[in-house]
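This briefing is for a reader who is new to the structure.

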Amino acid sequence: APRFNFCIPSLFCFPSWKGIAGCCAKTTTAPLDRVKILLQAHNHHYKHLGVFSTLCAVPKKEGYLGLYKGNGAMMIRIFPYGAIQFMAFDQYKKVIKKQLGISGHVHRLMAGSMAGITAVICTYPLDMVRVRLAFQVKGEHKYMGIIHAFKMIYTKEGGFSGFYRGLTPTVVGMAPYAGFSFFTFGTLKSIGLAQAPNLLGRPSLDNPDVLVLKTHVNLLCGGIAGAIAQTISYPLDVTRRRMQLGAVLPDSEKCLTMVQTLKYVYQQHGIRRGLYRGLSLNYIRCIPSQAVAFTTYELMKQFLHLN
């Protein structure tokens, strides 16, 4: 059986710097995340509004801090999520190449998908709590905070299994999302350095013999990778959010399984206003998020002499 050369403590100590990439990215886009959740699940206070109208309406109704509801749980989640995802990606690449003899684009795609699934499963309960908190509107609070939300979900929704509502569309959607984001970034990086090394590349800070992308090119490649991956997996993201919200939604009994939820959203709201509602906002959110994440990841690898 393949062996991984890291232990759980090391994952969150020395390699935990990789979680910084995810934290930096998510902090900049927290207001967009909150608005996206409100739109995806058709919150009755904002369902008649578009993306930018909602961005303006939330501060008026709930104050500017309303744009950051659920941000605390997201920050707690994203650090271990980012650390696990990037660390797992490196380890899965090594295992796939060594044990299966697969290299190049295919092993990047496989490693990215497996890394995404691993990170999602490990941190899913925190994502569930974050979504519940973010969907609440001022004056209609069901949960008083992160700990209270954990207690309520555990006691009212079937114990531990209650934290994993919507896991199926999450995993199904995360595989192509993580896979195509890492695959696209790695492919663009390889092509760029091979075709125009002097224009797009520069010597690595820790190893002058290794070429790395210039910072602005890293940002561009990370943004493109995120946009492509989001487009492919977005309908499953909408499905996940509606299932996660569960009893909070009035039509929750019609959204119990992934297929049932996809059919219901399509029949009630169609493709543009249902399965792809909020996608334009997701582009705004995901492009800088992925750009910052991949760029921070590459810079920290150089800083810690890992090239």
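The largest cavity is lined by 32 residues, and those nearest its centre are Lys26, Tyr81, Met174, Tyr177 and Gln230. A cavity here is a set of points, on a 1 Å grid over the protein atoms alone, where a 1.4 Å probe fits but cannot get out, and lining residues have an atom within 4 Å of a point. The model is predicted: local features need pLDDT of at least 70, side-chain atom pairs count only at pLDDT 80 or more, and totals for chains, interfaces and linings use all residues. Residues are numbered from 1 along each chain as its sequence is written, and side-chain values use heavy atoms, with hydrogens and water left out.

**Largest cavity**

- Two or more lining residues come from each of helix H2 (18-28), helix H3 (30-40), helix H5 (71-100), helix H6 (105-135), helix H8 (167-195), helix H10 (215-245) and helix H13 (279-303). Helices (H or I, at least four residues) and strands (E, at least two) are DSSP runs, numbered from the N terminus.
- H8 gives the most to this lining, with seven residues.
- The volume of the largest cavity is about 540 Å³, where a volume is the space filled by probe spheres set on the grid points, which are joined across faces, edges and corners.
- Sorted by class, the lining of the largest cavity holds 12 nonpolar, 10 polar and 10 charged residues. Ala, Val, Leu, Ile, Met, Phe, Trp, Tyr, Cys and Pro count as nonpolar, Asp, Glu, Lys and Arg as charged, and the others, Gly among them, as polar.

**Second largest cavity**

- The count comes to two cavities of 30 Å³ or more, and the second largest cavity has about 40 Å³ of space.
- Its lining is made up of Ala30, Asp33, Arg34, Leu67, Tyr68, Lys69, Gly70, Asn71, Met74, Arg130 and Ala134.
- H3, H5 and H6 each supply at least two residues of this lining, and H3 has the largest share, with three residues.
- Five residues of the lining of the second largest cavity are nonpolar, two are polar and four are charged.

**Aromatic rings**

- Nine aromatic pairs are found in the whole structure. Rings of Phe, Tyr and Trp (its six-membered ring) pair if their centres lie within 6.5 Å; planes under 30 degrees apart count as stacked, over 60 as edge-to-face and the rest as tilted.
- Phenylalanine 89 and phenylalanine 182 are stacked, because their ring centres are 4.0 Å apart and their planes lie at 15 degrees.
- Phenylalanine 89 is in helix H5 and phenylalanine 182 in helix H8, so the pair ties together parts that are 93 residues apart in sequence.
- Both phenylalanine 89 and phenylalanine 182 are buried. Buried means under 20% relative accessible area, exposed over 50%, and partly exposed in between (1.4 Å probe, protein chains only).
- The pair of phenylalanine 160 and tyrosine 164 is tilted, with 5.5 Å from centre to centre and 50 degrees between the planes.
- Phenylalanine 160 is exposed because its relative accessible area is 54%, whereas tyrosine 164, at 22%, is partly exposed.
- Tyr124, Phe150, Phe160, Phe163 and Tyr164 are linked by ring pairs into a cluster.

- Isoleucine 153 is part of helix H7 (residues 146-156), and its relative accessible area of 0% makes it buried.
- Neighbours within four places in sequence aside, isoleucine 153 is in contact (heavy atoms within 4.5 Å) with Met128, Val129, Arg132, Tyr143, Gly158, Gly159, Gly162 and Phe163.
- Threonine 261 belongs to helix H11 (residues 258-269) and counts as buried at 0% relative accessibility.
- Beyond its neighbours within four places in sequence, threonine 261 is in contact with Thr239, Arg242, Met243, Lys254, Cys255 and Leu256.
- Serine 289 lies in helix H13 and counts as buried because its relative accessibility is 5%.
- The C-alpha atoms of serine 289 and threonine 28 are separated by 7.4 Å, although the two are 261 residues apart along the chain.

**Whole chain**

- The protein chain has 13 helices and two strands.
- Of its 307 residues, 54% are buried.

Definitions and conventions. On a 1 Å grid over the protein atoms alone, a cavity is a set of points where a 1.4 Å probe fits but cannot get out, and a pocket is an open set with protein on both sides within 12 Å along at least five of seven lines; lining residues have an atom within 4 Å of a point.
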